[in-house]
Amino acid sequence: MDSFKALFVDDEVEFLDTLVKRMKRRNIQATGVGSAEEALSFIETNPVDVVVLDVKMPGMDGIEALREIKRRHPLTEVIMLTGHANVEVAIQGMELGAFDYLMKPMDIDELIYKLQDAYKKKYVHEDKIRRMTRGDK
Amino acid sequence: MRGSLKELGVYYRNLTRNMVLLITFVSITPMILVSGLILFQFHTSFQEKVHAHLTTLVKKHKQNIDTFLKERLADIRQLARTFTFEELSNESFLQDRLATLQDEFGPVFVDLGVVNARGLQVAYAGPFKLGMALYSTADWFQRAMKSNAFISDVFLGLRGLPHFIVAVRENWRGDPWILRATIDFVAFNNLVEHIRIGETGFAFILNRNGEFQTKPFQEIVPGKGPYLELLRSDNSAGERPVSIGRMTGEAGVKNIFVASPLKEGDWLLVYQQKVSDAFSDFERSLRVTMVVLLLGLIAIVTTAFLLSRRMVGRIAKADREKHMMNEQVVETGKLASVGELAAGIAHEINNPVAIMVEEAGWIEDLLEEEDFKDGANLKEFRRALNQIRTQGKRCKEITHKLLSFARKTDERVQEFRIDEAIQEIVALSAQRAKYSNVTVKLNLSEDLPNVRLSQAELQQVLLNLINNALDAMEKQGGSLEISSREEEGILMIEVADNGPGIPAANLGRIFDPFFTTKPVGKGTGLGLSICYGIVKKLGGDIEVASTVGVGTTFRIKIPLEMIKAQGSLNGKGE
């Protein structure tokens, strides 16, 4: 479980590029896309473990994307990035099944911890399902 | 501000004055009109009554006097017709006749005399020695000779005493002779003297020349005033038996007089009384009315004054409250526009800052590479990047606070449970509390009714208070207790910490916008003013109690009446 796939969704390309570079440096298979729509189509073809989602984006916003991702890929964990301490959005996101939320600009280490926690949760979850299905056979 | 206060003072004074004047005018005008009307009517009818009374009085006495004179004349004529000139010329017989008359009528007849055609008194009976007196030149004699009966004016005559004469003319053998009698002045005087009303009412008789025929009760000057005119006019027009008028006496005293002609216009019976005396009853009631009116006036003015002052006081208070409210609204509006501006800037700054911080982080990452490991300035690079990260965080703090201040909190009113809302917000802060080594205790009443208000707003308030408490206890840790309960219809939510407390000097300002004690860049000074604004908007109040070294307690008080869920049909809403 040392390396996992993460998808970063943000409309700020400069921010996204640097973030992806830094993640890759930390041995995370990171990819960046510029919109929620792109993210959804990307996940269809390349399943990922954790999605880091900016809440405020043109077009489909983070909350909608979260709802969609959770509907299509219930096991994929989502971490929300918010522009500011917006309680309602945070609470709404948590209610919709987001793993956690972080405020921009965030500390890289904090983000790494959250990513690892989210992946761990997903891994444990998947492991459980795998064992259950194997047991059935 | 002071100037406008002074203007306001003038305004309220004018308002008071106008109200006093209006109330007084509206109350007094009908009072005075009605009283005046009634008084006028009363005065008119009273005057009519007095006049009628006096007229009757004078008429009666005029009749009495006329009758008296006619009877005396008739008595004498009877005497002259019954007996002959010869018989009466006998003085002892005449003496007997006088005694008979005096027996019958009292001392009205003073004496009797028989005068022949030449004016010589041939016989006389009476107390004076007037036998053989010659009257040929006397006025009464000449006039008596012309008519067959005559009553003279009062005169002194030969005897030197006031008296008047009743004379009848008869013929004896072709020659006229006269029987005359003297009427006692005192007896005649009695007829008018007892006409006395009030203190100043009295009667007297005047002759054609304005000379007194009776002794007046008071010294008056009959030659002046209207009596002579009355005498003259009455002479020609005798159809007006009684006339009433007013005259001003010498000392400016107003008198009422009632006059009636006597003796076919020769004499005038006059009754005179001071107006003030005649109308004393009226004047008494006038005085009473005036006192009542005056008291009423004082009462009205006092009431109007007190009432107006109290009302204007209320108005002034309402105005002040309105003014304060306006100021608050303006303040709120100002804050809102400041907030909107700040939000715009914060949003724009946030993203570039995020990129800068990321880029700095990326450089830091790259510095880990072997190529740079031995670089001479590696330490400086590290320090500079660290600084960039620190300042980036600082920017973040500021923009986050500004955004949360400016952000339109969800104002949708919804029904929810207070304890659940508090638990939710505490859960959000639980992670931070753990890092700050703060234990959170909840003491929530589950019996609170459901409330209807914006949940987001209430949570915003609580989040700000909790964040402040956690900030305060960041260094040494502590405990945070959040409790909710109902007290006399008021919802109380307390957020109490045992942090370092707020110095008394700052307590009064903590709700002011942009007031902060946090180091520069750490706080915006908006958190508590947001709380204050929200709680006030909900109709509640927020209080703070703090002791340095012991802790701080924020207490939110909102009357449940204002926020209680209306349709509690399904009980307390499980």
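Colleague: In which strand of chain B is B:Thr553 found?

Modeller: This is a predicted model. Look along chain B to residues 551-559, which form a strand. B:Thr553 is found in that strand, E16.

Colleague: Is B:Thr553 buried, partly exposed or exposed?

Modeller: Buried means under 20% relative accessible area, and exposed means over 50%. B:Thr553 has 22% relative accessibility, so B:Thr553 counts as partly exposed.

Colleague: How far apart in space are B:Thr553 and B:Leu480, C-alpha to C-alpha?

Modeller: In sequence, 73 residues separate B:Thr553 and B:Leu480. In space, C-alpha to C-alpha, the two are apart by 9.7 Å.

Colleague: How many of the 18 residues of H12(B) are buried?

Modeller: Helix H12 of chain B covers residues 455-472. From its first C-alpha to its last, H12(B) reaches 26 Å, close to the 26 Å expected at 1.5 Å a residue. The helix is largely enclosed by the rest of the structure, because the buried count is 14.

Colleague: What is the reach of helix H1 of chain A, from its first C-alpha to its last?

Modeller: H1(A) runs over residues 13-25 and has 13 residues. At 1.5 Å a residue, 18 Å is expected. The reach is close to that, at 18 Å.

Colleague: Which residue with a positive phi follows H1(A)?

Modeller: Start inside the helix: its buried residues include A:Phe15, A:Leu19 and A:Met23. After H1(A) comes a residue with phi near 65°. That residue is A:Asn27.

Colleague: What is the phi of B:Asn437, about?

Modeller: Most residues other than glycine have a negative phi. B:Asn437 sits in the loop between helix H11 (418-435) and strand E11 (438-444) of chain B. B:Asn437 is exposed, with a relative accessible area of 59%. Although B:Asn437 is not a glycine, its phi is positive, about 65°.

Colleague: Is B:Glu488 buried or exposed?

Modeller: B:Glu488 lies in the loop between strand E13 (478-487) and strand E14 (490-497) of chain B. B:Glu488 is not glycine, yet its phi is positive, near 50°. Its relative accessibility is 80%, and exposed means over 50%, so B:Glu488 counts as exposed.

Conventions. Residues are numbered from 1 along each chain as its sequence is written. Chains are lettered from A and ligands numbered from 1 in the order in which they are written. This is a predicted model: local features need pLDDT of at least 70, side-chain atom pairs count only at pLDDT 80 or more; totals for chains, interfaces and linings use all residues. Side-chain values use heavy atoms; hydrogens and water are left out. Helices (H or I, at least four residues) and strands (E, at least two) are DSSP runs, numbered from the N terminus. The expected span of a helix is 1.5 Å times one less than its number of residues. Buried means under 20% relative accessible area, exposed over 50%, partly exposed in between (1.4 Å probe, protein chains only).
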